[in-house]
Number of protein chains: 2
Amino acid sequence: MIGKPPRFLQAIGVLESCFKEKFATPRQSGLVPAAQARLRLRPQYIPRESLRGLSGFSHVWILSYLHLNANKSFCATVHPPRLQGKAVGVFATRSPHRPSPIGLSLARLEKVEGETLYLSGLDLADGTPVIDVKPYLPDSDAIPGAKTGWPRLASRRRLAVTISAPAKAQLRGLERDGRPALGKLIRQALAHDPRNPRDRSQLDPAKLHEAKFLDCVVRFRIQGRRALIEDASQAAQAAKPRRVPVPPGLW
Amino acid sequence: MIGKPPRFLQAIGVLESCFKEKFATPRQSGLVPAAQARLRLRPQYIPRESLRGLSGFSHVWILSYLHLNANKSFCATVHPPRLQGKAVGVFATRSPHRPSPIGLSLARLEKVEGETLYLSGLDLADGTPVIDVKPYLPDSDAIPGAKTGWPRLASRRRLAVTISAPAKAQLRGLERDGRPALGKLIRQALAHDPRNPRDRSQLDPAKLHEAKFLDCVVRFRIQGRRALIEDASQAAQAAKPRRVPVPPGLW
């Protein structure tokens, strides 16, 4: 038994993710297989013994507290980016803007080392509090032929990602310098069009977008169904370590 | 926008389930397809508009607050019934006894009527507060070939369920009287051996077990790999309506 009794929900750790902000973080798990993340259990509360036997599983569910959801109230309907303006009920979507802002993401479990999980394919931003890890059980969890309603009708057309010659050289340098899969990560992430179709300013083809991956900043324009990366460089200064937000009821 | 801002987590409704107590409630979703449940959204907080488009999905995730977990603290390791006494880390299991007692269950969505969801295949007891409903997205959620660690090595041998002649007559009467699938439900539920292998008193072959399904009580013995139903009758009195437990942080 662990000393302190849990109050209600417990942050078992805070995720370190290659996605440093909400913009360009994927909208579903599995869309960006090159996404890497690390979860270290808070050792003062959660002993590493609680991971015994987990490394035999290839995939895990990550339940998280969606702390970047700053809405003070919730809307009954949301506008999924894929639906180009049409609204559906919040419970018919995986939107983070929901009455209980708990995220459900499926990650590939790359390895377990001590009290640290190495994960890939997640759709969560750096600093997200994780409240639970559960093994993926295909006997209960996999229903390949399940019917999916509105997503069947919605297009998920990917963008073609091209990289300018100078940006290619920059990326090669950054990759040589200890970020081996950076180019792949950026290509996969931008292919899913990070723009919010309801934000007109983002739809301007002249707009130079900026997104952060690992410790790098990438600048790109989106014209038609094509994203052109113009610049990739190390961020001017390292991101400040984030304070873990502890909402009431979570500790 | 809805009037009152959510505090942190919100019970969007309380589940009405055919399983009236923890004993004989299945240990995973999908094990008992005949299990029926109903979730009515709390209309004062959650408008029915939030379900728009949900009926196009065949399956939904139900995130619940596991309120029957009475533990005051948590153990880093648990003993899954299938492992016959061996322990594994809590995060390598779907045990309800975890730092954040949130349940993740997959249900078949039979239909949506107004603000009520009709669900089947759940592993949740009557009175469980539901905090979220999410559509099942096979593109992200189904990984049929995922590797599963310890469950591969554990047997999930089912019990053969037999019904005594008098109990058969009782069941026929109860089914005619408005519970058409009661026999199927009981057979499916008991086949998964509801006993806790660490509770010696439950392993006594002479013990007469009692389990509640819908408004009925079933009495049975388990001998070897065989469950014998000896009696099935309407409960002497209807179960009292349960008070919804509202832990700190949930409202």
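1. How many residues has helix H2 of chain A, and what distance does this helix reach from its first C-alpha to its last? In this predicted model, H2 of chain A runs over residues 165-176, which gives 12 residues. The helix reaches 17 Å from its first C-alpha to its last, close to the 16 Å expected at 1.5 Å a residue.

2. Four names make up the buried set of H2(A): Ala167(A), Gln170(A), Leu171(A) and Leu174(A). These residues cover an arc of only 100° around the axis, and therefore lie on the same side of H2(A). An α-helix has 3.6 residues a turn, so residues three or four places apart point the same way.

3. On the other side of H2(A), the exposed residues are Ala165(A), Ala169(A) and Arg176(A). The buried residues of H2(A) are covered by elements of chain A that include strands S9 (160-163), S11 (216-223) and S12 (226-234), together with helix H3 (182-191). Just after H2(A), Gly178(A) adopts a positive phi of about 95°.

4. The domain assignment divides chain A into domain 1 (13-152) and domain 2 (160-234). Their C-alpha centres lie 23 Å apart. To the contact between them, domain 1 of chain A gives 17 residues and domain 2 of chain A gives 15 residues. On the domain 1 side of this contact, 11 residues are nonpolar, 3 are polar and 3 are charged.

Conventions
Residues are numbered from 1 along each chain as its sequence is written. Chains are lettered from A and ligands numbered from 1 in the order in which they are written. This is a predicted model: local features need pLDDT of at least 70, side-chain atom pairs count only at pLDDT 80 or more; totals for chains, interfaces and linings use all residues. Helices (H or I, at least four residues) and strands (E, at least two) are DSSP runs, numbered from the N terminus. The expected span of a helix is 1.5 Å times one less than its number of residues. A residue is buried if 20 or more other C-beta atoms lie within 10 Å of its own, exposed if 12 or fewer, and partly exposed in between; C-beta atoms are placed from the backbone. The arc is that of the directions from the helix axis to the C-beta atoms. Two residues are in contact if their C-beta atoms, placed from the backbone, lie within 7 Å. Domain bounds come from an automatic or database domain assignment. Ala, Val, Leu, Ile, Met, Phe, Trp, Tyr, Cys and Pro count as nonpolar, Asp, Glu, Lys and Arg as charged, and the others, Gly among them, as polar.
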